[in-house]
Amino acid sequence: MNKVNLFYSNQTIVDSIDLSVPCVVMLSGLRSDTPKEFSKNCLCKIDKMLQQANLKANVCGTVHDLSFLNANVAKILCGINDKIFNKYKNVFVFGFHFFVPGFFRKYANRVFDLTILPRIVDEAGNPQPVEKVKDNFRKIVFLAHCYGIRMASMLDDILTKKLRELNYSQQQADDIQKQLVFIVESPSGIFTNIKATHIKFASLSDELMRYKDLYSTDNNITYNEQYNIIITPQMYKKTSMFKKIKNIEHSFWPLSICNDMTQQGKMTVNLLNKVFYNALTLERINGLGMLVDMDGVKKATVKKTMMKFFEKIPTQKVKNIVFVSYSVVNSLKKTR
């Protein structure tokens with residue numbers, strides 16, 4: 001990776017984060033590789049959500065340079081035909097990242113060092129008291145879109161190892177990790193095991209990720225407890241108009257209700273906003289139930305044959321690779 005940075009919504013590079021002020025960090029998908037694009041599409045929506053909730057927080061997001069993959073690896077995968085490459089570039093880049101997650105380890109370490117590590121250790125690198133760390137974690141919330149769940153998983157894994165290195169007991173480490181919250185929208189992997197408090201939101205009509213081949217919701221919003229995922233049948237009224245890769249059901253949703261949304265879409269936005277508000281305001285978190293009220297949400301989903309197939313795959317990593325490969329192939333079919 002050539003460049004790995006955090007930017008505020010005004011496109012200023014983040015060199016350090018004020019631990020005394022609440023902070024929202026957006027973990028981007030693969031298309032937010034410039035500060036201008038990311039600020040316009042993602043960070044401004046978070047600013048608006050904070051205003052609506054009457055909350056104040058620093059807002060920043062991850063921006064990573066994909067030029068190496070865009071210019072070389074992806075082009076090799078697509079062949080030498082520029083027309084094919086330009087048409088399917090994002091799809092192949094998207095799929096490639098699942099097979100070579102090592103490209104993002106430096107990125108994850110950089111984000112961890114800026115956002116999480118200073119909340120655990122003092123300036124001398126010594127572990128801070130457990131309650132102090134919990135207080136610090138209650139002042140940061142991560143929002144992730146699409147591939148951002150892979151970054152959330154890496155950050156969670158690095159945190160698990162760091163707490164062990166700092167000799168916190170297992171109980172202390174578990175209690176600390178619960179205070180960190182990841183909210184994921186349109187996740188590109190659903191089997192990821194994150195120890196921190198986390199919840200995923202997805203649309204069954206998302207043509208990029210094949211959720212509709214995994215679940216049946218009977219036109220209701222449902223919650224799958226095993227994978228911490230809330231599934232809505234359809235976010236927007238005119239989904240059939242958006243069956244290409246850039247379909248609106250996959251985009252980083254407006255985090256406020258708009259007229260084009262279905263009733264389920266509006267309810268999903270309300271649920272996400274409640275989670276976001278509670279994640280930023282609760283002094284302590286002891287379980288996902290403290291973040292979201294599941295009233296009106298069905299807690300049982302019917303698993304389709306494809307879901308049962310995925311669950312038989314032995315490891316989470318392979319499950320995600322197979323799932324995203326399946327999604328990419330189907331997305332390619334939609335664009336032909």
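Here is a walk through this predicted model, from the overall fold to a few single residues.

Let's start with the whole chain. The chain has ten helices and ten strands. Of its 336 residues, 54% count as buried. If you look at contacts between residues at least 6 apart in sequence, 73% of them join residues at least 24 apart.

Now zoom in on helix α6, residues 148-165, and its neighbours. The axis of helix α4 (residues 105-115) comes within 9 Å of the α6 axis, and the two cross at roughly 65 degrees. That crossing of α4 and α6 is right-handed. On the α4 side, the contact is made by Arg105, Tyr107, Ala108, Asn109, Val111 and Phe112, while α6 brings in Met151, Met154, Leu155, Asp157, Ile158, Leu159 and Lys162. Sort the residues of this α4 contact with α6 by type and you get nine nonpolar, one polar and three charged.

From α6, Asp156, Leu159, Thr160 and Leu163 meet Ala173, Ile176 and Gln177 of α7. By type, the residues in the contact of α6 with α7 are four nonpolar, two polar and one charged. Notice that Leu159 turns up in the contact with α4 and in the contact with α7.

In the loop between α6 and α7 you'll find asparagine 167. Its phi is near 65 degrees, a positive value in a residue other than glycine. Asparagine 167 counts as exposed because its relative accessible area is 68%, and exposed means over 50%. Asparagine 54 sits in the loop between α1 (35-52) and β3 (58-64), and with a relative accessible area of 71% it is exposed.

Helix α5 (residues 130-137) is worth a stop as well. Its buried residues include Val130, Val133, Lys134, Asn136 and Phe137. Why do they belong to one side of α5? They cover an arc of only 160 degrees around the axis, and that puts them on the same side of the helix. In an α-helix there are 3.6 residues a turn, so residues three or four places apart point the same way. What covers the buried residues of α5 includes β4 (140-145), along with α6 and α7.

Next, the aromatics. The structure holds eight aromatic pairs. One of them joins tyrosine 211 and phenylalanine 323, a tilted pair with 6.3 Å from centre to centre and 45 degrees between the planes. This pair links distant parts of the chain: tyrosine 211 is in the loop between β6 (197-203) and β7, phenylalanine 323 is in helix α10 (residues 316-335), and 112 residues separate them. Both tyrosine 211 and phenylalanine 323 are buried.

Phenylalanine 310 and tyrosine 326 pair up in another way: their ring centres are 6.4 Å apart and their planes sit at 75 degrees, so this pair is edge-to-face. Phenylalanine 310 lies in helix α9 (residues 305-312) and tyrosine 326 in helix α10, 16 residues apart. Phenylalanine 310 is buried, with a relative accessible area of 0%, whereas tyrosine 326 counts as partly exposed at 26%. These rings belong to one aromatic cluster, made up of Phe191, Tyr211, Tyr227, Phe309, Phe310, Phe323 and Tyr326.

Our last stop is isoleucine 221, in the loop between β7 (215-216) and β8 (222-224). Is isoleucine 221 buried or exposed? Its relative accessible area is 4%, so isoleucine 221 is buried. Leaving out residues up to four places away in sequence, isoleucine 221 touches Ile230, Ile231, Thr232, Pro233, Gln264, Met267, Thr268, Leu271, Val297 and Lys298. Proline 233 is twelve residues from isoleucine 221 in sequence, and their C-alpha atoms are 6.6 Å apart.

Threonine 232 sits in strand β9 (residues 229-232) and is buried, with a relative accessible area of 0%. Its contacts, again leaving out residues up to four places away in sequence, are Ala202, Ser203, Leu204, Ile221, Gln264, Gly265 and Thr268.

Conventions: Residues numbered from 1 in each chain as written. Predicted model: local features only at pLDDT ≥ 70, side-chain atom pairs only at ≥ 80, totals over all residues. Heavy atoms only, no water. Contact = heavy atoms within 4.5 Å. Helix = DSSP H or I, 4+ residues; strand = E, 2+ residues; numbered from the N terminus. Nonpolar A, V, L, I, M, F, W, Y, C, P; charged D, E, K, R; others polar. Buried < 20%, exposed > 50% of the residue type's maximum accessible area, 1.4 Å probe, protein only. Arc of directions from axis to C-beta. Phe/Tyr/Trp six-rings, centres within 6.5 Å; stacked < 30°, edge-to-face > 60°. Axes fitted to C-alpha atoms, helices over the stretch in contact; angles between N-to-C directions. Left-handed = near helix turned anticlockwise from the far one by under 90°.
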